[in-house]
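Here are my notes on the model, point by point. Please read them with the structure open.

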Amino acid sequence: MKRTVLACIAIGTSSAAVAQTLPVTADAVFTFNGQEITISRSATLPADSFDVVSRAYSDCPAPCLSPMIVASGVATFGELDVIEFMSGPVEDGDGLLIDARLPADRQAGGFIPASVNIPSATVAPENPYRDEIFLALGVEQFQGIFSFDAALSLVVFDDGPATQDAPTFITDMVDAGYPPEKISYYRGGMQVWTTLGLTTQKGGQ
Amino acid sequence: MIRTIATATCILAAGTMAQAQDVRITTFKSESTFSLNGITFTVTRDQNTNAVLQGEFTRTSRACPPHCLQPISLGSGVETFGELEVMSYLETSVSDGIGLLVDARSPQEFAISAIPGSVNVPFITLAAENRFRPDILRALGAVDVAGGAMDFSGAMDLAVYSGGVWSNDAPMAIQNLIEAGYPAEKIHYYRGGMQAWTHVGLSTISSANPG
C-alpha cells in the first residue's frame with residue numbers, strides 16, 4: 001500500500017504587504033514558524049490564480065455544495081474568525097490552519113498564509129499511518145488508547161463551498177474521536193478568501 | 001427624506017427542464033423547485049464546468065469602509081444560512097407562505113440579478129427614520145397593539161441577503177428589524193449573498209427592463 005505522507009508544508013517567506021488601501025478591518029500581522037505574515041486585502045487578484053479560484057463550479061457528485069454545518073459541534077468560521085485564529089492559537093502554537101486539498105491544488109492556486117497541507121485522504125480510516133498524523137497534531141497514545149486532551153485546535157478549509165475535502169477531513173477526524181470543539185470549518189475556503197482580495201501565498205515545497 | 005420604495009415585484013423565468021446533470025446541488029439533488037404567489041421557480045446549477053464569474057461579482061476589493069467583511073454570525077440569535085439552507089427555506093417556508101426571502105439591496109441591483117423567489121426590501125426602507133416602516137412591518141405580518149407597539153408573533157420568517165460577505169446591506173436590514181422588535185429567531189442571514197450564489201453557478205433571475 002502506498003504510504004501517504006503527512007506533508008506539513010512549511011510556509012515560505014511572507015510576501016511584503018502591498019499598498020494597503022483596503023483593510024480587512026485592520027491588517028492582521030502575526031508570526032508562524034518564525035516568519036512574519038501579514039493578511040491584508042489587495043487591490044487586485046493575481047491573474048494567475050484567478051482562473052483556478054474563479055471557476056464557478058466543479059463536477060458533482062464528489063464536490064457538491066456543503067451545508068452550513070458539517071458535523072455536530074464543529075463551528076463554521078468566517079474570514080474574521082480565521083484571521084483571529086491565525087493571530088491567536090496559530091501564532092501561540094496551540095492551533096493549526098489546515099488546507100485539506102491535494103498538494104497539486106495548493107500549488108496551482110495558492111493558499112492561505114500560515115496554513116499547512118494535510119490532504120483529506122491522509123486522515124481517512126483506510127490510511128494505516130493515520131496514527132502518526134494524530135501524534136503530530138498533539139494526540140497522545142497509551143496502549144492503543146488515544147487521548148485528545150492536548151490535541152491542537154484545527155481550522156480546516158478547502159477550495160470552497162462546492163468541494164468536499166474539508167468536510168470529509170472533519171467528519172473523518174470526528175469519527176476518529178477528535179473533539180468537535182477543537183475543530184472548525186472555514187466553509188468559504190480559497191474561493192471566498194480570494195474573491196475578497198485577501199492575501200494568498202504561492203510556492204513553498 | 002427617505003421614501004418607501006415599493007417592495008418587491010418578482011419576475012420569473014419559466015423553470016428550464018434539467019438535462020444531463022454533471023453539476024448537481026448535492027449528490028442526491030439536482031434542482032430545487034418551490035413556488036411563491038402561485039408561480040413556480042426552479043433553481044439549478046450551471047452545467048458548464050468551465051464557466052467563470054462575470055461582471056460585478058468578480059470584484060475582489062471594494063473599499064472598506066463601507067464594504068467591510070461581515071462576521072459569520074450576526075449574533076442576537078439570528079441564524080446564518082448557506083446555499084443549501086436557503087434552498088430548503090424556499091422549498092418549505094416560502095412555498096408554504098410563512099416565510100420570505102428578502103433581498104436588502106437597492107432596487108437597481110435587485111433588477112439586474114437576484115435569487116429566484118426573493119422580494120426586494122432595500123435595507124434603507126427598514127431604518128427607523130422611514131415613517132412608512134410600520135406599513136412594511138404590517139405587510140410582513142406584524143399587528144398593532146395598544147400603546148403603539150407591535151405584536152410580531154404572527155409575523156413571517158425572513159431570510160435576508162445582499163451582495164456578499166463584504167456587504168452590510170443585509171446586516172443593516174437585520175439590525176433595523178431587530179430594533180423594531182422583530183424576533184431574532186424569525187430572521188436568518190444568508191451571508192454569502194449574490195456573490196456566493198453566483199460563484200457556485202446557481203440560477204438567478206433578472207427583472208431589468210431592457211427599455
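1. What percentage of the 211 residues in chain B do buried residues make up? They make up 51%. Buried means under 20% relative accessible area, exposed means over 50%, and partly exposed lies in between (1.4 Å probe, protein chains only).

2. Some ground rules. This is a predicted model, where local features need pLDDT of at least 70, side-chain atom pairs count only at pLDDT 80 or more, and totals for chains, interfaces and linings use all residues. Residues are numbered from 1 along each chain as its sequence is written, chains are lettered from A and ligands numbered from 1 in the order in which they are written, and side-chain values use heavy atoms, with hydrogens and water left out.

3. Chain B overall. The chain has 5 helices and 9 strands. Helices (H or I, at least four residues) and strands (E, at least two) are DSSP runs, numbered from the N terminus. Along the sequence, the order in chain B is β-β-β-α-β-α-β-α-β-β-β-α-β-α. Take the contacts in chain B between residues at least 6 apart in sequence: 68% of them join residues at least 24 apart. A contact here means heavy atoms within 4.5 Å.

4. Helix α4 of chain B. This helix spans residues 169-179, and its buried residues include B:D169, B:A170, B:P171 and B:A173. B:I174, B:N176 and B:L177 are buried too. Among the elements that cover the buried residues of α4(B) are α2 (107-112), α3 (133-139), β8 (157-161) and β9 (187-190) of chain B. B:G181 follows α4(B) and has a positive phi, near 105 degrees.

5. The disulfide. The count over all chains is 1, taking a disulfide as a pair of cysteine sulfur atoms within 2.5 Å. B:C64 and B:C68 form it, with S to S at 2.0 Å. The torsion about their S-S bond is about 95 degrees, so the disulfide is right-handed. B:C64 is buried at 6% relative accessibility. B:C68 is also buried, at 18%.

6. Side chains of opposite charge can pair when their charged atoms come close. The rule used is a side-chain nitrogen of Lys or Arg within 4 Å of a carboxyl oxygen of Asp or Glu.

7. Which parts of chain A does the pair of A:R101 and A:D159 link? The closest N and O atoms of this salt bridge are 3.1 Å apart. A:R101 sits in the loop between β4 (95-99) and α3 (103-109), A:D159 in the loop between β8 (153-157) and α5 (165-175), 58 residues apart. A:R101 is buried at 1% relative accessible area, whereas A:D159 is partly exposed at 25%.

8. A bridge between chains. B:E83 and A:R187 pair at 2.4 Å, N to O. B:E83 lies in helix α1 (residues 83-94) of chain B and A:R187 in the loop between β9 (183-186) and α6 (189-195) of chain A, so the pair joins two chains. Both residues are buried.

9. A bridge within chain B. B:D144 and B:R138 meet at 2.6 Å, N to O. B:D144 is partly exposed at 41% relative accessibility. B:R138 is partly exposed at 37%.
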